[in-house]
Amino acid sequence: MSATPGSYILLLRLGDDAEAEVGSLGRLRFSSGWYAYTGSARNGLEARVGRHFSKAKAMRWHIDRLSALSAESLALAFLGESPTECSLAARLIDAGAEPAHKGFGSSDCRCGTHLFRLDGGALRKALGLPCDGVMRPPSCGGGGAARPSIAAAGKAEKGRPRNGEIG
Ligand SMILES: [Zn+2]
């Protein structure tokens with residue numbers, strides 16, 4: 001239970017325009033607004049997403065530069081082996097998301113990028129993607145150790161059977 005494998009869409013809002021040095025990609029500009037990043041965590045979704053929510057961390061991945069600057073964040077959780085982070089990236093493109101920076105988070109695959117910029121319409125569509133739960137940062141600070149839990153998605157849709165089986 002403590003190490004649920006899965007993939008996720010991390011949604012981040014930048015309050016202000018920003019620039020950041022992003023590893024091999026160099027210095028990149030990010031205009032304010034919403035971004036979506038897709039990733040996967042075979043060794044534990046809660047821990048990985050919790051790391052994205054934490055501001056105090058060693059800069060390891062491209063996304064760390066951006067998540068450290070974000071004013072707001074949440075994540076859509078997808079449990080199990082599929083969809084993969086790459087198919088989630090494709091779903092975001094279908095939802096109208098705009099590729100943000102080439103090569104961002106996608107150095108190990110054939111996607112153009114795993115980072116997208118979302119306008120209002122694309123954000124609404126992304127939030128409407130069927131997922132297994134929504135993860136939010138712990139509401140009051142207090143270190144970066146707290147792990148967010150995966151809140152069950154679709155609680156409001158009473159009694160609707162879920163697609164697919166989990167674990
Ligand atoms: Zn990919």
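Author: Two strands pair if DSSP finds at least two bridges between them. The model discussed here is predicted.

Reader: What makes S2 and S3 a pair?

Author: Strand S2 (residues 18–21) and strand S3 (residues 27–30) share four bridges in the antiparallel sense. The cut-off is at least two bridges, so S2 and S3 count as paired. Within this pairing, Glu21 stands opposite Arg27 of S3. The two strands form a hairpin with five residues between them. In the turn, Gly23 has a positive phi of about 45°.

Reader: Why is Lys55 called exposed?

Author: Lys55 has 12 C-beta neighbours inside 10 Å. A residue with 12 or fewer is exposed, so Lys55 falls in that class. Lys55 is found in the loop between helix H1 (45–53) and helix H2 (62–67). Its C-alpha lies 4.8 Å from that of Ala68, with the two residues 13 apart in sequence.

Reader: What makes H1 mostly covered?

Author: Seven of the nine residues of H1 are buried. Among them are Leu45, Val49 and Phe53. What covers the buried residues includes strand S1 (6–14), strand S4 (33–41), H2, strand S5 (72–79) and strand S8 (133–135).

Reader: Why is Thr84 called partly exposed?

Author: Thr84 has 14 other C-beta atoms within 10 Å. Exposed needs 12 or fewer and buried needs 20 or more, so Thr84 is partly exposed. Thr84 sits in the loop between S5 and helix H3 (85–94).

Reader: Which residues is Thr84 in contact with, leaving aside its neighbours within four places in sequence?

Author: Thr84 is in contact with Ser7 and Ser40. The C-alpha atoms of Thr84 and Gly6 are separated by 8.1 Å, and these two residues are 78 apart along the chain.

Definitions and conventions: Residues are numbered from 1 along each chain as its sequence is written. This is a predicted model: local features need pLDDT of at least 70, side-chain atom pairs count only at pLDDT 80 or more; totals for chains, interfaces and linings use all residues. Two residues are in contact if their C-beta atoms, placed from the backbone, lie within 7 Å.
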